[in-house]
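Please consider the structure shown below. The paragraphs that follow discuss its salt bridges and then its domains.

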Amino acid sequence: MFTTEEYKERLRRTKEQMAVEGIEVLLITNPSNMNYLTGYNAWSFYVHQMVVILPEEEEPRWIGRKQDANAAKETTWLQHQHILFYNDDYIQSPIQHPMDAIARLLDKIGKGGCRIGVELENYYFTAKALKQLEKGIPNAEFVDATLLVNYLRMIKSDKEIGYMKRAAVIAGHAMKTAMDAIDSGRRENDAVADIYHAQISGTASYGGDYPAIVPLLPAGTRTSSPHITWSDRPYQDNDIVIVELAGCFQRYHAPLARTLVLGSPTDKVKNLSSVVVEGLNEALAAVKPGVTCEEIEEVWRKSIARHGFFKDSRIGYSVGLSYPPDWGEHTASIRRGDKTILRPNMTFHIIPGIWFDDYGVEISETFQVTETGCIALTDFPRKLFVK
């Protein structure tokens with residue numbers, strides 16, 4: 001957990017941005033942002049919960065399900081009087097909604113007629129939630145504040161970088177486990193069981209956390225699709241297997257992808273992997289403070305074009321603190337048109353995979369922008385693996 005001073009600095013910057021956008025009340029429902037501002041950490045994001053930011057108050061208010069209030073007391077820096085709850089009869093009820101109780105609270109403290117920021121593009125804030133808030137406090141003006149805190153999270157503190165470096169060590173350990181576990185005749189799910197063990201057991205010095213995304217392990221022709229997980233199918237001779245996973249420490253992620261061939265790789269797979277590695281190396285060499293995301297993508301695009309390849313999707317995104325179902329921060333992407341300027345202590349997952357109709361290759365790195373360039377946080381051979 002971070003110091004109270006660090007949480008207060010995050011809160012100060014949040015309030016500063018609220019003032020810029022004319023937001024009088026900020027309702028945070030993204031659990032990553034809730035954690036970032038308060039430390040709250042529990043598997044309770046399947047029900048409605050939020051952190052309320054008021055510019056005039058020194059601490060946020062946490063509001064959630066009654067049985068989760070003790071989790072807030074255990075994991076946050078908030079005084080207990082700022083931990084509020086609604087009763088269980090609001091949970092999954094056809095006649096009332098948690099936002100009804102929250103709307104009444106906001107009205108009671110005199111915020112029913114304010115300009116209120118809500119995270120509209122958010123897995124954890126539903127259309128029904130907004131509808132009930134609008135019904136409960138009809139005089140409020142609701143505005144989209146989806147990425148207000150996300151963008152503040154992009155530049156990491158030294159301690160956050162330290163957490164990501166620990167996650168990176170776990171990622172390397174899990175990837176080595178994957179390379180050892182995947183073999184002809186062995187079931188995909190058994191290999192994944194070994195990977196999960198490596199992710200959660202971590203190292204002798206520190207344990208791992210559950211990643212925001214499960215291990216992704218398409219095999220054979222399924223490597224044409226990057227987001228297939230696994231089955232109970234045994235691996236076959238000459239299978240291509242893509243492994244994309246992450247180490248996670250204190251909710252901070254370091255993703256890593258590699259490609260393995262069980263047997264003899266074809267010339268086209270060997271050639272594609274060489275092109276991907278070359279382009280990845282050139283893109284990483286171009287990273288430094290002051291360049292934009294689109295400039296990094298352009299380096300990659302020109303590199304693969306020399307070999308006759310083209311990729312029309314992004315090749316990376318900012319990454320860090322997160323909860324399921326995604327470890328990305330949903331802010332900057334390494335792609336055409338993204339003019340985000342790189343700054344020291346930004347962190348990205350660069351994943352320049354190329355997929356065709358019947359096969360694909362992925363080789364990725366998580367990197368930190370430094371004062372002069374970048375460093376890869378993970379330490380695993382950057383090549384096509386053959387077994």
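Arg233 is partly exposed, with a relative accessibility of 28%, whereas Asp239 is buried at 7%; buried denotes under 20% relative accessible area, exposed over 50%, and partly exposed in between (1.4 Å probe, protein chains only). Arg233 and Asp239 form a salt bridge in which the closest N and O atoms are 2.8 Å apart. A salt bridge here is a side-chain nitrogen of Lys or Arg within 4 Å of a carboxyl oxygen of Asp or Glu. The model is a predicted one, in which local features need pLDDT of at least 70 and side-chain atom pairs count only at pLDDT 80 or more, while totals for chains, interfaces and linings use all residues. Residues are numbered from 1 along each chain as its sequence is written, and side-chain values use heavy atoms, with hydrogens and water left out.

By this rule there are 25 salt bridges. One of them joins Glu278 to Arg306, with 2.9 Å between the closest N and O atoms. This pair links distant parts of the chain, 28 residues apart: Glu278 belongs to helix α9 (residues 267-285), and Arg306 to the loop between α10 (293-305) and β9 (316-319). Helices (H or I, at least four residues) and strands (E, at least two) are DSSP runs, numbered from the N terminus. Glu278 is partly exposed at 28%, and Arg306 is exposed at 52%.

Another salt bridge connects the side chains of Glu9 and Arg13 (4.0 Å, N to O). These two residues lie four residues apart in helix α1 (residues 4-21), and are therefore separated by about one helical turn. Glu9 is partly exposed at 34%, as is Arg13 at 22%. Salt bridges link Glu9, Arg12, Arg13 and Glu16 in a network.

The chain is divided into domain 1 (4-152) and domain 2 (158-386), with bounds that come from an automatic or database domain assignment. Their C-alpha centres lie 33 Å apart. In domain 1, 16 residues are in contact with 13 residues of domain 2, contact meaning heavy atoms within 4.5 Å. About 1,300 Å² is buried between the two domains, with carbon and sulfur atoms giving 56%; buried area is the accessible area (1.4 Å probe) that two parts lose on being put together, summed over both.

One salt bridge is counted between domain 1 and domain 2. On the side of domain 1 that touches domain 2, α1, α2 (31-38) and α6 (148-153) each supply at least two residues. Helix α2 gives the most to that side, with four residues.
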